[in-house]
Amino acid sequence: MLAAVSGMTTTTLTTAGLAVGVGLLAVEHVRWWRGGGGAAAAGPGGKGAAPGGGGAAKDPKALIPFWFGVTFGTLAVACPAGMLGTGAGILRWGGNGLGGWVMSTMTGQSASTVANASAPALDQYGALIVTCLVIALFMLRKTFAKQLKGRWWRGVWAGTLLAIGTGTFAMIGDLVVPNVNGLGAWAVGNLVHGTLL
């Protein structure tokens, strides 16, 4: 179900920013398809390794860091203010700017606004879940491999650019944010005020 208009955060995405987001999405999936992911380690003696030692090809687990980043980027866009909302705006500005420079340099055309796209906004319950997630990520940041962090950050950037789109891309925001809001409401209702039994 789509969020009501009053519960939306609005932002601008250009065709150049969209190109950057689609490019990030494509590159991660091409690397995954070819087995350059690295998250799926080769077995003993190198079994299952792709050429070049990049890990097993097409292991779905290799996409988890990227798609977790997309989810986090979507949640950042859904923050109406605060550091996450500001950070998402900076990443989107960077994507629009970098993509605009490449587009004008390579094609001679200027980027145009795709839309003043919208994403469902986090409510107080969704904010509880995102706050817990930020604290957990901060506390565990040194336990993640550098390669996983890179995939996660590329996913965050892609999420800030794609999840606010319209049409098919809008489904990302329309699935993630209301479900996080619902999870927070369930946690408060059942774990704080109620009981699981």
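In this predicted model, the axes of H1 and H5 cross at roughly 145 degrees and come within 8 Å; axes are lines fitted to C-alpha atoms, for helices over the stretch in contact, with angles from 0 to 180 degrees between N-to-C directions. The crossing is left-handed, meaning that the near helix is turned anticlockwise from the far one by less than a right angle. Here is who makes the contact (heavy atoms within 4.5 Å):

| Helix | Residues in the contact |
|---|---|
| H1 | Gly17, Leu18, Val20, Gly21, Val22, Leu24, Leu25, Glu28, Arg31 |
| H5 | Arg151, Arg154, Trp157, Ala158, Leu161, Leu162 |

By class, that contact has nine nonpolar, two polar and four charged residues, with Gly counted as polar.

Now for H1 itself. Buried residues (under 20% relative accessible area, 1.4 Å probe, protein chains only) in H1 are Ala16, Gly17, Val20, Gly21, Leu24, Glu28 and Trp32. Seen down the axis of H1, they fall within an arc of 160 degrees, so they line one face of the helix. They pack against strand E2 (13-14) and helices H2 (64-78), H3 (82-107) and H5 (146-162). Turned away from that side are Trp33 and Arg34, both exposed, that is, over 50%. After H1 comes glycine 35, with a positive phi near 90 degrees.

Residues are numbered from 1 along each chain as its sequence is written. Local features need pLDDT of at least 70, side-chain atom pairs count only at pLDDT 80 or more, totals for chains, interfaces and linings use all residues, and side-chain values use heavy atoms, leaving out hydrogens and water.

Methods
Helices (H or I, at least four residues) and strands (E, at least two) are DSSP runs, numbered from the N terminus. The arc is that of the directions from the helix axis to the C-beta atoms.
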